[in-house]
Amino acid sequence: MNPLIIKVLAVGLTLSQLFTKPVEKFKDHFDPASEQAEAEATLRTGCKFITEKFGAENINFDLLFTTMKENLEKPLTSGEAPPAAEVASGPGGLTASLKLERDVPAMYPIYKRYCKGEKLSSSEETESNQTLTAAIEFFNRAVADLPDHNKLKGLKLPGSSLVLDDDGNRFSEIYTDNNRRRWIAIRDIPKSVQLAFVATEDQRFYEHNGLDVRGIIRAFMSNTASSGRPQGGSTITQQVVKNLLTGDDLTFERKIREMVLALRVESLMSKAEILELYLNYVYLGRASWGVDMAAQSYFGKSVKQVNMTEAAMLAALTRGPTFYSPVTHLDRLQERIEYVLGQMDKVNKLNKDSAKDRFVADLDLPAAQAFKPKLADFESPNARAGFYFLNEIRKNARNLPNVGSLTASSYVVKSTIHSGLQKIATRALQDGLGDYEEAADGRRLSRFTSEGSIAEKMKKPKATWQEVMSVVRPKLYDVQWPLAVVLPPDAKVRGLRVGLADGKVLALNAGGVRLNTYDLLYVKPNEAGTAATVRVRPAVQGSTVVLEAKTGKVLAMVGGFSFPLEQVNRVTQTQRPPGSTLKPFVYLAALQLGLQPNTQLLDAPISIKVGNKIWSPNNYDAGAASLGKVTIRRAIEKSLNRPTVRLSLRIGDTPEDGLKYIGLTEERLGIHEKAQTNPASVLGTQDAKLIDMATAYATVANIGERPMPTFIDSVSQNGVELYHRPRFSKTPVNRIDRVAFYQLRRILEGTVARGTAAKMSDLAGCVAGKTGTSSSHRDAWFIGFTNDLVVATWVGYDNTHIRSSLGNKYTGGHVALPIAEKIIRESFMIYKPKEPLRGPPDEIRTQVVEYPINFLSGALNGGNFMEALRLDPNRPGMPLDTRETLINEQEVGAPIAQETMEDGDEDPTFTTLDEGDSRRSEEASDLSYRPGLEQPLPPRNIDRDLLGRIY
């Protein structure tokens, strides 16, 4: 049996029913054994119908087959067309594609049996019956489990939402693959546009019932021998079915299903509804689906505003947007537009004279003429940065009132993103992670993989690497590093060379990496711009976020090295131990109770009994000698662990009370929903989100007013605003403690001036912040702020990675701070200029005084360091003296720590005196605390009434 003839008969069985029966009478299953006669009768009826239709077009099938049969034995000379090709009128004659020697002998008996009613020979009869059985089985499989066509009724296709930046400028779009569109109702699509597409794609659209009898049969028969790839002859209805229900695989099965569904759709929906779906689905180039998005992309205006020739151009592009590109192939496009205008004129006249269909007005069509479109500049729908931000916008929009999915419909979203800061943050994080890898990971080059190859594209005639590089899209499309291509060897030049997208050629130091010609890779050019080294995707990860301090608007966010590589947002979705970036809030709790920045603490060995264990926290340099007495200011600036733990145990009536109060402070700031209250937790062992830590620091920058992070300012649709972000209102965390927030902010200025963030000390007075490193150097943090911005950065390995530690010398000050520093410095140039941090707000000026103290001892006399101290209500003009409140009698004689002490970062490394390692807070949290080797002191001169109200 001939497989092609089996498929032809299956299609014939389909068409015979669709052409001669109401769609509701369509029989979708024939029993191959008992219903052959019914199937044969159906085929005979269909063949009669088709023959009559073709007879109207002067196609003589008898002559056609006779001529083809004769040509089987007539060899053709080179370049000679088969005479039978002249028999079938119209384009794509049957014999133009039939393989005569294989298909005509098998097809002719079928034609004789079902169309002529002639008796076949016994062998032909047997073969024919077997073929019909196989055709029925093929038909049954093809029409089984058809998609539900009812879902097309009222269907609105996915859309693309425009995202504006904080200044109201276009930033990017949000849409799903192959669905960048703006839905437009058929009533709003000009008649000229409707006519252009109908005239070009389906002239009898308003006459047929889903299948164009003449068009589809002739197109099908002209392709029956084309290796199972039937094509052509599809109506607009069939195209809608193909695109939205059956898929576009080129098989006989799909074509059969498409034809059945097309008639069912026509019985369900009006022509206007079908055309609306089609005009909103069709792909027209420039990453545009649907006529409205295409009009915007090509002409910079809605399809409602296009003129007649622009409408013709859109219809012309359906044949092939690249082939008829107005940029690269204008001559082809002009010819195609002339054809479309001619077809429009033809169909328009037919409809004007028709009493049945008047779907278009009397349009004044222009004469066909050379057309040079005035094209709008093409803007890529995607930005090169900000993909984590855009994903967050998409998720946040789902929870807004009156707003649906940003990809289900088309909205205009005014976001909070600052496009300049977003690019800076992306580049700073990627550079920082890459620099760490180069310095710390000796296995870096062994992990190198190329970013692809342009070798195949270079095989095209006249292709140049510059042209290919100008349009290549790398796998990691948001990486800001220069992409390069390995060039062929040059006999005149020694060593490898790479070409950049701008055409520059650099010498390459590959470092032993194995490369092939035309491989793509990221490189790091030297300062002279003459040579480059290989960049490798880092194994380490990181994240950074930039907030507008006063409002909480998220101005920039990068959730990882590259969004296409991994879409987990480490700003909003993951939690890590913040290490010493948590310490300021431990001290904030003490300042809220009336303690002062010059209150002394003892830095000396401390052992605490927790359950049946003894815990002995150390400072960063565990082997260094005890420093003696240090002020709260200096304990924060130098990020000391032991004084921090002592403080937490002494600010309550019991150690448990102090830890509980610190936990409540963290909860109020939104750092933790439920804070742990064990001694280790005050050193930042409980996981937290970067976005929550950034918000807590914004509260310090605002001196007690906590903002709510937000990504969206407003959402509108069709010019109607659906959502607007509530106006920022001042929400103090606690109305009576703003002095404490101001004091803490002043202390964090010192961290930048001379503490663990002193690498950026030239910005002291304009920037405050804190570094952080979790135990075993697993996580590196820095969070800093100016008058206007908060910049928070984390670097570390994901929990799933084989490595966990960054390395002993890689602290927050070494790894995270440089990334944030770049963002802060560049923000002064593009966002707000550098200026000193503002003084206290008016409402607390009467509660605080700038008072000279001794910087080392904190003494209120004999110094010239100006400290912000809370006023003593009982001594007008004098600060409250709490310097020795937390020092017991044994500690009074301890030496004052000198400024010459070694400055390290703050790794909260903990050891136990017996078994195990109690660094992890969740382990310690299962143990009850009770006084042990270190006896806590009841605090003195602390606001007891306030403490009572808190509990």
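Let's start with helix α6, residues 191–201: nine of its 11 residues are buried, so the helix is largely enclosed by the rest of the structure. Buried here means under 20% relative accessible area, with exposed over 50% and partly exposed in between, using a 1.4 Å probe and protein chains only. The buried ones are Ser192, Val193, Gln194, Leu195, Ala196, Phe197, Val198, Ala199 and Thr200. Helices, by the way, are DSSP runs of H or I with at least four residues, strands are runs of E with at least two, and both are numbered from the N terminus.

Before going on, a word on what we're looking at. This is a predicted model, in which local features need pLDDT of at least 70 and side-chain atom pairs count only at pLDDT 80 or more, while totals for chains, interfaces and linings use all residues. Residues are numbered from 1 along each chain as its sequence is written, and side-chain values use heavy atoms, with hydrogens and water left out.

How confident is the predictor? pLDDT is its confidence in each residue, from 0 to 100. The chain has a mean pLDDT of 84, and 83% of its residues reach 70 or more. Over residues 224–231, though, the pLDDT is below 50, and that stretch has 26 contacts in the model beyond near neighbours in sequence. Residues 353–362 are also below 50, with 19 contacts beyond near neighbours in sequence. A contact means heavy atoms within 4.5 Å.

Back to α6, then, and its partner. Two packed helices are described by the angle between their axes and the distance between the axes. The axes are lines fitted to C-alpha atoms, for helices over the stretch in contact, and angles run from 0 to 180 degrees between N-to-C directions. For α6 and helix α10, residues 271–281, the axes come within 11 Å and cross at roughly 90°. The two are therefore roughly perpendicular to each other. On that scale, angles under 35 degrees are roughly parallel, over 145 roughly antiparallel, 65 to 115 roughly perpendicular, and the rest oblique. Gln194, Phe197, Val198 and Glu201 of α6 make the contact with Leu275, Tyr278 and Leu279 of α10. By class, that is five nonpolar, one polar and one charged residues. For the classes, Ala, Val, Leu, Ile, Met, Phe, Trp, Tyr, Cys and Pro count as nonpolar, Asp, Glu, Lys and Arg as charged, and the others, Gly among them, as polar.

Here's another helix pair. Helix α21, residues 690–701, packs with helix α22, residues 738–754, at about 105°, with the axes 8 Å apart. That makes α21 roughly perpendicular to α22. Tyr697, Thr699, Val700 and Ala701 in α21 meet Phe741, Leu744, Arg745 and Leu748 in α22. The residues of this contact divide into six nonpolar, one polar and one charged.

Now some strands. Two strands pair if DSSP finds at least two bridges between them. There is a closed barrel of five strands, running β4-β5-β6-β8-β7 with mixed pairing. Its neighbouring strands are turned by 55° against each other on average, direction ignored. Within it, β7 (residues 520–525) and β8 (residues 531–535) run antiparallel, joined by four bridges. Pro525 has Ala532 in β8 as its bridge partner. Helix α15, residues 419–440, lies across β7 and β8, at about 90° to β8.

Which residues of β17 point which way? Ala768, Lys770 and Gly772 point one way, and Gly769, Thr771 and Thr773 the other, and all are buried. β17 pairs with β18 in the antiparallel sense over six bridges. Their hairpin has five residues between the strands, and Ser776 there takes a positive phi near 60°.

β18 (residues 779–785) and β19 run antiparallel, joined by seven bridges, and a hairpin of three residues connects them. On β19's other pairing, eight bridges join it to the antiparallel strand β9, residues 541–548, where Glu548 stands opposite Leu789. Eight of the eight residues of β19 (residues 789–796) are buried, so this strand is largely enclosed by the rest of the structure.

Last stop: Asn618, in the loop between β13 (613–617) and β14 (628–631). Is Asn618 buried or exposed? At 18% relative accessibility, Asn618 counts as buried. Asn618 and Pro643 are 25 residues apart in sequence and 9.9 Å apart in space, C-alpha to C-alpha.

Methods. pLDDT is the predictor's confidence in each residue, from 0 to 100.
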